[in-house]
Amino acid sequence: MGGLEFVGRVVSNRMQKTVVVAVSYVVWIPKYKVYQKRIARHKARDESQSLVIGDIVRIRKSRKYSKEVSYAVVETLRRASVYDSTAATAMVTALDAARETDWVQVAQRRLSEADVRLMKLREMYEREIGSGISLSGGVLAVSNSGLGGTGSLGAGASGAAGERGK
């Protein structure tokens, strides 16, 4: 695809003073009666070497700079958001300053939050089950004991195991 001036997106800037610009266009396919989108990749001269991948630029046909480079970047229409090391450093230092440094205080805070959650659970169990039943491991041992249970072994279970062994 040839022409004098195009608008496209920078897809590569790995070369010195040269960028690869992808220009999209559509072609009518008469056999299928549809438009087909195609992409032409033009190598363009970037004297400032300031373009990054994702920038939208306008390129214009110019003299041949090399075997494959025959376009020049006229203007940058929109800059892409790129990684900025100074902004990233500032963000990391702000996060580090906000982070708690005393691990003992962090552990105590988490323990108090767990106690609050446990108290709420106990209140919920007392409302649902009733206040007469204790909420210790005895409830679990009663509900899980038996032939197929996984609860603690009571006297009856150990006695049965002892009789089987005789």
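**Val27**

I looked up Val27 and found that this residue counts as partly exposed, because its relative accessibility is 22%; buried means under 20% relative accessible area, exposed over 50% and partly exposed in between, with a 1.4 Å probe and protein chains only. The model is predicted, so I note that local features need pLDDT of at least 70 and side-chain atom pairs count only at pLDDT 80 or more, while totals for chains, interfaces and linings use all residues. Residues are numbered from 1 along each chain as its sequence is written, and side-chain values use heavy atoms, with hydrogens and water left out.

Val27 sits in strand E2, residues 18-29; strands (E, at least two residues) and helices (H or I, at least four) are DSSP runs, numbered from the N terminus. Leaving aside residues up to four places away in sequence, I find Val27 touching Val34, Tyr35, Gln36 and Arg38, where contact means heavy atoms within 4.5 Å.

**Overall layout**

I counted 4 helices and 5 strands in the protein chain, and along the sequence the pattern reads β-β-β-β-β-α-α-α-α. Of the 166 residues in the protein chain, 16% are buried. Among contacts with a separation of 6 or more, 46% are between residues 24 or more positions apart. The accessible surface comes to about 13000 Å², and 55% of this surface belongs to carbon and sulfur atoms; the areas come from the Shrake-Rupley method with a 1.4 Å probe, and for residues only the protein chains shown count as cover.

**The nonpolar core**

Which residues make up the largest nonpolar core? I list Phe6, Val10, Val19, Val21, Val23, Ala44, Leu51, Val57, Ile59 and Tyr71, 10 residues in all; such a core is a set of buried Ala, Val, Leu, Ile, Met, Phe, Trp, Tyr and Cys residues joined through side-chain atoms within 4.5 Å. E1, E2 and E4 each supply at least two residues of this core, and the largest share, 3 residues, comes from E2. For Leu51 I recorded contacts with Val10, Asn13, Val19, Asp46, Val57, Val73, Thr76 and Arg79, not counting residues up to four places away in sequence.

I found 2 aromatic pairs in the structure. Phe6 and Tyr71 form a tilted pair, 6.0 Å centre to centre with 55 degrees between the planes; rings of Phe, Tyr and Trp (its six-membered ring) pair if their centres lie within 6.5 Å, and planes under 30 degrees apart count as stacked, over 60 as edge-to-face and the rest as tilted. This pair links distant parts of the chain, with Phe6 in strand E1 (residues 5-15) and Tyr71 in strand E5 (residues 69-78), 65 residues apart. Both Phe6 and Tyr71 are buried.

Thr18 lies in strand E2 and counts as buried because its relative accessibility is 9%. I find Thr18 touching Asn13, Lys43, Ala44, Asp46 and Val69, not counting residues up to four places away in sequence.

Is Ser48 buried or exposed? I noted Ser48 as exposed, because its relative accessible area is 51%, and I placed this residue in the loop between strand E3 (34-45) and strand E4 (56-61). Ser48 and Thr18 are 30 residues apart in sequence and 9.8 Å apart in space, C-alpha to C-alpha. The side chain of Ser48 makes a polar contact of 3.1 Å with that of Asp46 and a polar contact of 2.9 Å with that of Ser50; a polar contact is a pair of N or O atoms within 3.5 Å, and within protein one must be able to donate a hydrogen and the other to accept it, with residues adjacent in sequence counting only if both atoms are side-chain atoms.

Ser70, in strand E5, is buried because its relative accessible area is 10%. Its contacts include Lys43, Arg60 and Lys61, not counting residues up to four places away in sequence.
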